[in-house]
Amino acid sequence: MQPFEYAAPASVDEALALLARHGADAKVLAGGQSLVPLLNYRLARPRFVVDVNDLPLDEIRVDAGRVRLGALVRHSTLAASAVVARECPLLTEAAALIGNVRVRSLGTVGGSLAHADPAAELPLAMVALDARFELRSARGSRTVEVRDFFSGYLTTVLRPDELLTSVDAPPTRGAGTAVEEFSRRPGDFALVAVAAIVTIDRQGRVENARVAIGGIDGVPRRIPAVENALRGEPPATDRIARAAELARAEVTPQSDALASGEYRTLLAGVLTKRALARAVSRAMAVPA
Amino acid sequence: MRMIEGGHGFAGDPRAVGGVGGHIGAPHSVVGQRVVRHDARDKVQAATAYAGDWAMPGMLHGVVVRSPYPSARIRGIDTTKAAAMRGVACVLTARDVPRNTLMTDVPGQTTTVGPLRAKLHVLAEDRVRHQGEPVALVAAETLEQARDAADAVEVDYEPRPGVFDAEQALAPDAPKVHDEGNLLAHWRIARGDVDAAFAGAAVVVEGEYRTQFVDSAYLEPETGVAWIDSDGVITIRLSTQVIEHFRDVADVLDVPQNRVRVIGAYLGGGFGGKEDVTVEVYLGLLAVKTGRPVKMVWTRQESLLARAKRHPYRLRYRTAAAKTGEILAQDVELLGDSGAYAYLSALVLLYSTVTACGPYRVPAARVQARVAYTNNPPTSAMRGFGAMQTVFGYESQMDRVARALGLPPADVRKANALRRGDTLPVGQVIETHCALPELIDRAWAGLGAPTPPRAPHAKVGRGLACNLQPYGRIVWLHDWASAWVGFEMDGSLVVRCGCPDVGGGQASSLCQIAAEVLGVPIDRISVHIADSALTPLAGTTTASRQLYMSGNATLKASGELREQILGVAAKLLETSVADVDLAGGEVRAADGRTMPLRQVLAACARMGVPRSHLAVYHAPAGEPVDLTKGSGKIFPDYTFGCHAVELEVDTETGRVRLLKHVAAHDVGRAINPMSVEGQIEGGAVQGLGYAMMEEVVLEDGINLTTSFASYLIPTTVDVPDVEAIVLESGEGLGPFGARGIGEPPIGPPAAAVANAIEDATGARVTRLPMTPERVARALRLLT
Ligand SMILES: Cc1cc2nc3c(=O)[nH]c(=O)nc-3n(C[C@H](O)[C@H](O)[C@H](O)COP(=O)(O)OP(=O)(O)OC[C@H]3O[C@@H](n4cnc5c(N)ncnc54)[C@H](O)[C@@H]3O)c2cc1C
């Protein structure tokens with residue numbers, strides 16, 4: 001780690017002023033679960049660290065028909081929230097799958113989204129949920145749709161002087177949702193993760209299916225081929241399996257020290273099938 | 001966890017004293033008890049001063065500059081910029097090293113070891129042969145300054161072609177890692193008529209297996225502090241398994257060996273990775289150059305990048321068996337990767353050669369073993385020491401033989417198990433009891449009722465694997481250990497022994513032995529270990545040898561001391577020596593009279609009878625044997641074990657979930673059952689890491705796994721509780737009949753898992769680690 005200056009502002013405005021002053025030399029510190037390793041490895045060498053942990057950005061609320069999470073909501077708080085479990089259980093499931101208990105009690109929603117690891121659960125869930133991001137700087141604030149937020153491997157449209165203050169997503173009442181992931185050890189980043197949101201119509205057919213996959217490309221993304229193959233179809237096991245097979249053709253993942261691209265492709269199919277199967281059975285259980 | 005007592009009714013057998021200074025009546029009062037170790041108390045209270053906890057006034061921080069290339073010529077090194085940086089005390093290169101050669105053949109040994117001379121440069125001169133090879137040293141006021149300066153050392157490298165695979169290294173046109181060629185060592189065993197045995201076999205099973213590079217992955221990386229003490233002695237306090245490296249430091253610094261002192265701190269793990277020299281020579285150089293205390297702590301990335309690994313092997317087996325399952329012959333070809341330097345590779349390969357046929361009677365055997373240099377990271381000692389890779393080979397083969405003949409795998413193993421009097425293919429006669437059949441039965445029964453699969457795509461299977469592991473060093477090394485035991489005037493006891501404690505409870509076990517013999521409560525004993533200047537040398541904490549060697553030395557010293565004290569006590573009580581005993585910190589006569597120990601000790605002082613004793617234990621020694629003639633003793637003795645596992649395979653993804661693990665070993669005698677169980681549990685888990693996930697991944701010599709995010713080790717959630725079954729035959733050569741148990745439990749897990757995967761799915765995995773991907777491949781889920 002290299003020496004840096006440090007400030008822990010008490011208000012958002014103060015934080016934004018510091019970011020405006022130090023720009024690209026500054027780094028925001030939230031839970032530190034990604035930033036501190038980067039500092040230790042000397043991969044990040046900020047001259048100034050703005051610790052945002054004192055900012056009042058840790059609220060979870062339902063507002064204007066959307067579930068809104070402050071950037072400083074911890075993964076463990078998210079996983080334990082009754083409101084979230086009721087309105088948006090995909091987030092509950094996703095949060096519980098992050099790392100281990102130590103990581104979850106410190107890591108934050110904002111940190112995970114700003115860090116934008118392609119295998120991380122929350123970015124994946126936000127892609128599946130069509131979330132919106134609230135970004136603020138001393139210059140003002142802007143709202144960014146999830147499809148525009150992640151711009152590549154570990155990169156987002158956040159500017160150096162901007163703070164992610166909250167993220168919001170529509171509730172998924174009436175739908176069945178599930179996240180399936182595969183990691184080499186429990187608690188590791190997933191090799192591949194799949195999130196599915198399914199609604200069933202009165203005729204018992206798939207009304208809508210949203211499927212997102214992470215760990216494959218630089219950013220998590222939807223798989224329209226699978227979604228389209230299911231829409232309007234009865235959600236029988238073999239149909240789900242066939243639709244899930246399409247996921248394999250839609251991905252060309254890279255190899256690394258932990259798994260080959262070929263194996264990740266296999267996982268894409270299996271996890272899509274399992275996520276859809278669970279989402280469907282939950283959707284069927286929803287009282288009409 | 002549970003304990004099974006005295007499997008063969010040897011408990012309390014006076015023979016079990018092992019022939020050294022025994023006066024020990026059964027039952028034992030301290031030996032065999034679940035004593036809470038003093039180091040365990042200290043560790044859980046964070047009171048242990050590990051090597052990295054040491055700090056001194058005016059201390060500098062040392063950093064190693066390492067090669068980014070696996071193979072390159074060094075055209076020049078410019079240190080001017082680095083040396084001029086703020087806070088930098090010195091920058092050293094090969095030119096600054098008085099004697100730039102480090103001998104690495106057999107650490108800690110005092111006798112010549114024949115043809116195995118192995119050496120390397122302390123700092124690279126004109127060539128680097130592996131990524132991470134040390135090229136220069138920096139010391140600075142702060143660690144950050146030292147790191148910055150290390151980055152500023154300018155090394156002009158000319159990359160050269162390298163060779164990254166042992167097979168390719170032996171091709172005639174391969175780039176030479178060393179001028180003398182890439183074949184480092186070659187051992188052979190030829191016994192019996194192998195070809196005739198194969199011709200007459202009912203079944204012949206062939207298999208090729210591959211094992212991987214793995215790291216010791218101790219939680220405490222290589223660490224130490226050096227200073228010039230007030231007497232001018234270069235003093236180095238570090239995490240090491242071998243304090244005798246003080247000699248190597250002296251040789252490199254070109255000072256007399258008595259001007260260097262090494263103090264071994266309690267270790268945060270060794271596993272063989274701290275058997276070779278690590279930081280001590282660099283620390284010595286920096287401390288001498290600057291005249292100031294210097295600390296060096298290798299980062300996790302450095303340790304994973306460049307520290308010696310376990311040898312990857314290619315193992316080829318052909319096994320001939322009769323219809324009954326009787327093994328008729330083994331034809332084995334082994335090829336290991338030594339990486340860029342020899343270190344202990346030739347000896348590791350010897351262990352593989354000797355153990356290649358497993359703990360079985362094999363009347364005809366041909367073993368050919370080679371190890372080659374490559375431009376991969378060096379490989380050297382690691383728990384199991386060459387006797388580990390072979391378990392994956394011979395125990396996969398045993399299951400395949402059983403399967404081919406339609407016989408239960410446990411029965412085939414029991415039928416072939418070594419017995420006292422049998423001869424290993426190398427020609428060594430097994431002189432002690434081999435409890436394999438009982439170990440197999442207990443391990444297998446320990447699995448209990450079968451676990452049903454959790455999902456339609458899941459399949460459950462079981463497997464077992466046995467092993468033999470030598471303990472104690474090769475007999476031609478003429479191994480010895482010494483210990484000093486003495487009473488203070490108040491009757492408290494001091495044990496001094498040069499033995500490093502790697503976390504296995506080495507020091508505490510010595511206290512238990514002394515307490516047993518001298519009747520002193522264990523909390524009245526202070527033990528001083530691992531100081532090359534102040535404790536009698538005891539050799540390396542490696543080769544599962546410390547309880548055996550230092551334990552015997554302590555037993556012998558305690559026994560002699562007991563004689564001395566009882567002689568005086570008998571005089572004072574006017575009775576015979578046979579009628580007095582030491583117990584509860586006092587002298588007790590047969591007629592019920594007692595005398596405070598203090599009084600006896602004062603009398604000893606008055607009469608000129610020493611209140612201490614220094615003893616040396618010499619292991620059975622021998623001369624080097626010609627392996628091809630197959631006539632000789634290689635190791636003092638062996639420890640036998642059997643592990644059984646139950647697991648579940650996800651047949652859609654290849655994921656293996658471990659459900660149960662039972663590990664049974666005959667430890668001869670459990671001095672401290674908790675330490676024994678700790679070794680078995682830890683060894684089994686480390687063996688499961690080898691089986692399932694650990695792998696140093698290299699791409700043309702470049703290490704892709706230099707953090708614990710990519711080098712995966714098992715954590716508590718990845719492994720089931722290991723059930724340790726401890727058998728006590730009393731047959732070992734150690735104190736009270738103990739055998740070594742440090743290394744043995746790491747051997748069997750990989751083969752047991754492979755056998756269980758085949759039991760569950762019919763698919764055989766022949767390559768380690770058995771990652772979900774490799775299992776998926778074996779299940780033909782991938783092309
Ligand atoms: C052992 C381990 C295992 C892990 N496993 C997983 C896993 O399985 N899945 C997973 O998703 N994650 C995992 N993580 C990462 C963890 O989820 C992190 O908490 C998360 O990625 C970052 O959140 P943080 O609050 O710790 O952010 P920090 O580390 O503090 O910051 C991360 C980055 O985001 C920036 N940042 C933080 N907050 C803001 C903000 N409000 N506005 C703008 N920029 C901001 C920082 O400047 C920095 O660049 C793991 C981490 C560890 C150490």
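This short talk describes a predicted model of a protein with a ligand, beginning at the ligand and then moving through chain B.

Good morning. Because the model is predicted, local features need pLDDT of at least 70 and side-chain atom pairs count only at pLDDT 80 or more, whereas totals for chains, interfaces and linings use all residues; side-chain values use heavy atoms, with hydrogens and water left out.

Let us start with the ligand. Which residues come nearest to the ligand? There are 29 residues around the ligand, and those that come nearest are Val28(A), Gly32(A), Leu35(A), Thr108(A) and Glu121(A). Here, a residue is near a molecule if one of its heavy atoms lies within 4 Å of it. Sorted by class, this shell has 13 nonpolar, 13 polar and three charged residues. In this sorting, Ala, Val, Leu, Ile, Met, Phe, Trp, Tyr, Cys and Pro count as nonpolar, Asp, Glu, Lys and Arg as charged, and the others, Gly among them, as polar.

Next come the polar contacts, each a pair of N or O atoms within 3.5 Å; within protein, one must be able to donate a hydrogen and the other to accept it, and residues adjacent in sequence count only if both atoms are side-chain atoms. A backbone N or O atom of Gly32(A) is 2.7 Å from an oxygen atom of the ligand. A polar backbone atom of Ser34(A) lies 2.8 Å from an oxygen atom of the ligand. At Leu164(A), a polar backbone atom is 2.9 Å from a nitrogen atom of the ligand. On its own the ligand has 970 Å² of accessible area, of which the protein covers 88%. Such areas come from the Shrake-Rupley method with a 1.4 Å probe; for residues, only the protein chains shown count as cover.

Three elements of chain A give two or more residues to the shell: β2 (26-29), α7 (109-115) and β10 (163-169). The largest share, five residues, comes from α7(A). Helices (H or I, at least four residues) and strands (E, at least two) are DSSP runs, numbered from the N terminus.

I turn now to the aromatic rings. How many aromatic pairs does the structure hold? Over all chains there are 14. Rings of Phe, Tyr and Trp (its six-membered ring) pair if their centres lie within 6.5 Å; planes under 30 degrees apart count as stacked, over 60 as edge-to-face and the rest as tilted. Tyr548(B) and Tyr617(B) form an edge-to-face pair, because their ring centres are 5.9 Å apart and their planes stand at 70°. This pair links distant parts of the chain, 69 residues apart: Tyr548(B) is in helix α14 (residues 546-572) and Tyr617(B) is in strand β26 (residues 612-618), both of chain B.

Are these two tyrosines buried or exposed? Tyr548(B) counts as buried because its relative accessibility is 2%, and Tyr617(B) counts as buried at 9%. The term buried means under 20% relative accessible area, exposed means over 50%, and partly exposed lies in between (1.4 Å probe, protein chains only). Elsewhere, Tyr351(B), Phe385(B), Phe635(B) and Tyr638(B) form one aromatic cluster.

Rings also take part in contacts with charges. The charged end of Arg655(B) sits over the ring of Phe182(A), 4.0 Å from its centre, and that of Arg496(B) sits over the ring of Trp484(B), 4.5 Å from its centre. A charge sits over a ring if NZ of Lys or CZ of Arg is within 6 Å of the ring centre and within 35 degrees of the ring normal.

One further arginine deserves attention. Where is Arg739(B) placed? Arg739(B) is in the loop between β31 (722-727) and α17 of chain B, and it is buried, with a relative accessible area of 2%. The side chain of Arg739(B) reaches two backbone oxygens: that of His433(B) at 3.1 Å and that of Tyr638(B) at 2.9 Å. Tyr638(B) also belongs to the aromatic cluster already described. Arg739(B) and Tyr471(B) are 268 residues apart in sequence, yet their C-alpha atoms are 7.3 Å apart in space.

Finally, I note some backbone features. A cis peptide bond, with omega about -10°, joins Leu768(B) and Pro769(B); Pro769(B) is in the loop between α17 (749-761) and α18 (772-778) of chain B. Tyr343(B), a residue other than glycine, has a positive phi near 40°, and Ser544(B) likewise has a positive phi, near 50°. Thank you.

Definitions and conventions. Residues are numbered from 1 along each chain as its sequence is written. Chains are lettered from A and ligands numbered from 1 in the order in which they are written.
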